[in-house]
Amino acid sequence: MFYRRKLILALMEQLGGHLDELHIQKLLFLITRNQDHPSYDFVPCKYGCYSFTASSDLNKMVEKGFLTEKNNS
């Protein structure tokens with residue numbers, strides 16, 4: 001498993017396991033701002049920052065059963 005996917009799992013674990021994708025994106029942006037080699041790249045978006053890679057990782061983790069998706073969260 002990629003380090004960046006482990007980062008998402010650790011973030012979910014620390015915050016109780018229930019986050020929507022928008023909040024995950026924002027928290028990952030804040031985390032990567034403090035990394036020497038950022039795990040994700042972000043682009044400006046209507047609701048703040050957005051990472052296509054993070055979205056892809058989230059979808060792949062749902063597909064493989066590491067995360068579950070309920071009502072867009």
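User: What is T32 in contact with, leaving aside its neighbours within four places in sequence?
Analyst: T32 is in contact, meaning heavy atoms within 4.5 Å, with P38, S39, Y40 and F42. This is a predicted model, in which local features need pLDDT of at least 70, side-chain atom pairs count only at pLDDT 80 or more, and totals for chains, interfaces and linings use all residues. Residues are numbered from 1 along each chain as its sequence is written, and side-chain values use heavy atoms, with hydrogens and water left out.

User: Why is T32 called buried?
Analyst: Buried means under 20% relative accessible area, exposed over 50%, and partly exposed in between (1.4 Å probe, protein chains only). T32 has 5% relative accessibility and therefore counts as buried.

User: What makes the buried residues of α2 line one face of the helix?
Analyst: The buried residues of α2 are I24, Q25, L28 and T32. Seen down the axis of α2, they fall within an arc of 100 degrees (taken from the directions from the helix axis to the C-beta atoms), so they line one face. On the other side of α2, L30 and R33 are exposed.

User: Why are α1 and α3 called roughly perpendicular?
Analyst: Their axes come within 10 Å and cross at roughly 75 degrees. Angles under 35 degrees count as roughly parallel, over 145 as roughly antiparallel, 65 to 115 as roughly perpendicular and the rest as oblique; α1 and α3 are therefore roughly perpendicular to each other. The contact is made by R4, R5, I8 and L9 of α1 and T53, A54, D57, L58, K60 and M61 of α3.

Definitions and conventions. Helix = DSSP H or I, 4+ residues; strand = E, 2+ residues; numbered from the N terminus. Axes fitted to C-alpha atoms, helices over the stretch in contact; angles between N-to-C directions.
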